[in-house]
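Biologist: I would like to go through this model with you. Please show it first, and then I will ask how you know what you say.

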Amino acid sequence: MLSKKLTRRGLIATGAAAPALAALHEAVPHQGLHRAFGSEQHAAANAQSGHFGHSGSGMAIHDGFGEASVDHAANGFNPSDVLRDFDYGRTSKLPGGRTLREWTVVAQDKEIEVAPGITYPAWTYNGRIPGPTFRATEGDRMRIRFTNGSEHAHTMHFHGFHPDLMDGMPGIGEGRGGGAIETGETFVYEFDAEPFGVHLYHCHTMPLAEHLAKGLYGAMIIDPKEPRAEADEMVMVMNGFDTNFDGENEIYAVNSIPFHYVEEPIRVKRGELTRIYLVNLLEFDQINSFHVHANFFDYYPTGTRLEPADFTDTVIQGQGQRGIVELRFPFAGRFMFHAHKTEFAELGWIGFFEVEE
Ligand SMILES: [Cu+2]
């Protein structure tokens, strides 16, 4: 039975979460999910009539949103592109021969359609969630020119070595142009690319949970000087959205859009080395996880060592944790990957690899 107040856990208890989102969308189109979730009668009535369930034994998580899809063009990003989009910046040589990589980042307030018909008032870096995946080689100089085009003060806080002025911490370096970057202001973050590994960046303005949950984060990859083996590479930022602002996520995903890689499976070649840069930037929940079916992978926590620390098929990450997953698919076919946290999977954190000959 549904509880009187419909919550995400209430939805899951009915075994109805994903189809419920779609059904609520049909019933209450183009409104925020917090509005849609307010129409409890629709949901309750539909649930009791069996409208959500495909089999009665639980939701068919494979179905995702069925025919419905978000408007990626309007969002300005498509998770299928984000997956293999590595931003190496504009490169030049510094005196002495080192490589300088430069990026321009603008914080923008932006409505994102996070599920079909459900928009979320996000805060973004360069209009996308996750923000650009910065990529450099150990020892490069990284220079990020950050302009705050948002109505709120923000920062960019990078994980890595850097002076305090470059730490993106409100209250630190304010007299020197750093700290909180107010609306309309620009600040240039600059530091050496170290250590090698897979890292992250995010806004560090208070209240931190809000600034993270709103979408101000991304991945940063520092390649070792001696490059890793050639591979089909991709970045997966695990995240979610609290669409009704109750301090809990209603949807979960990799690269923001729930069920996206169910609708558009990730195509890989059988036997080819596949490398996933996996980063957890989920707010509100204590852990996230990644599991791949019918396979095992080498796991390099934080990517800061060249030898894998584990050979497994499931890994758990707290917020800010990240690592490199390396695997080869021995069989052609369709293989699921998902959070091994059933609740997250049912609310969108699920996808497929389409392994081709
Ligand atoms: Cu912020």
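**Strands, burial and a copper ion**

Modeller: Strand S9 and strand S10 (residues 217–223) run antiparallel and are joined by 6 bridges. The model is predicted: local features need pLDDT of at least 70, side-chain atom pairs count only at pLDDT 80 or more, and totals for chains, interfaces and linings use all residues. Residues are numbered from 1 along each chain as its sequence is written, and side-chain values use heavy atoms, with hydrogens and water left out.

Biologist: What makes S9 and S10 a pair?

Modeller: Two strands pair if DSSP finds at least two bridges between them. S9 and S10 have 6 bridges, so they pair. In S10, Gly218 is the bridge partner of Tyr201. Strands themselves are DSSP runs (E, at least two residues); helices are runs of H or I, at least four residues, and both are numbered from the N terminus.

Biologist: How many bridges join S7 to S9?

Modeller: There are 2 bridges, and these strands run antiparallel. The definition asks for at least two, so S7 and S9 pair as well. His157 stands opposite His202 in S9.

Biologist: Why is S9 called mostly covered?

Modeller: Buried means under 20% relative accessible area (exposed is over 50%, partly exposed in between; 1.4 Å probe, protein chains only). In S9, 6 of its 6 residues are buried. Gly197, His199 and Tyr201 lie on one side, and Val198, Leu200 and His202 on the other. Both faces are covered. In a regular strand the side chains alternate between the two faces of the sheet.

Biologist: Which protein atoms are donors of the copper ion?

Modeller: They are His154 (ND1), Cys203 (SG) and His211 (ND1). Donors are N, O and S atoms within 2.8 Å of the metal (3.2 Å for Na, K and Ca); water is not among the atoms, so sites may look incomplete. These three lie 1.9 to 2.1 Å from the copper ion, so they count as donors. Their spacing along the chain is H-x48-C-x7-H. His154 and Cys203 link distant parts of the chain, 49 residues apart. His154 sits in the loop between strand S6 (141–148) and strand S7 (157–158). Cys203 sits in the loop between strand S9 (197–202) and helix H7 (208–213).

Biologist: Are His154 and Cys203 buried or exposed?

Modeller: His154 has 0% relative accessibility, so it counts as buried. Cys203 has a relative accessible area of 0%, so Cys203 is buried too.
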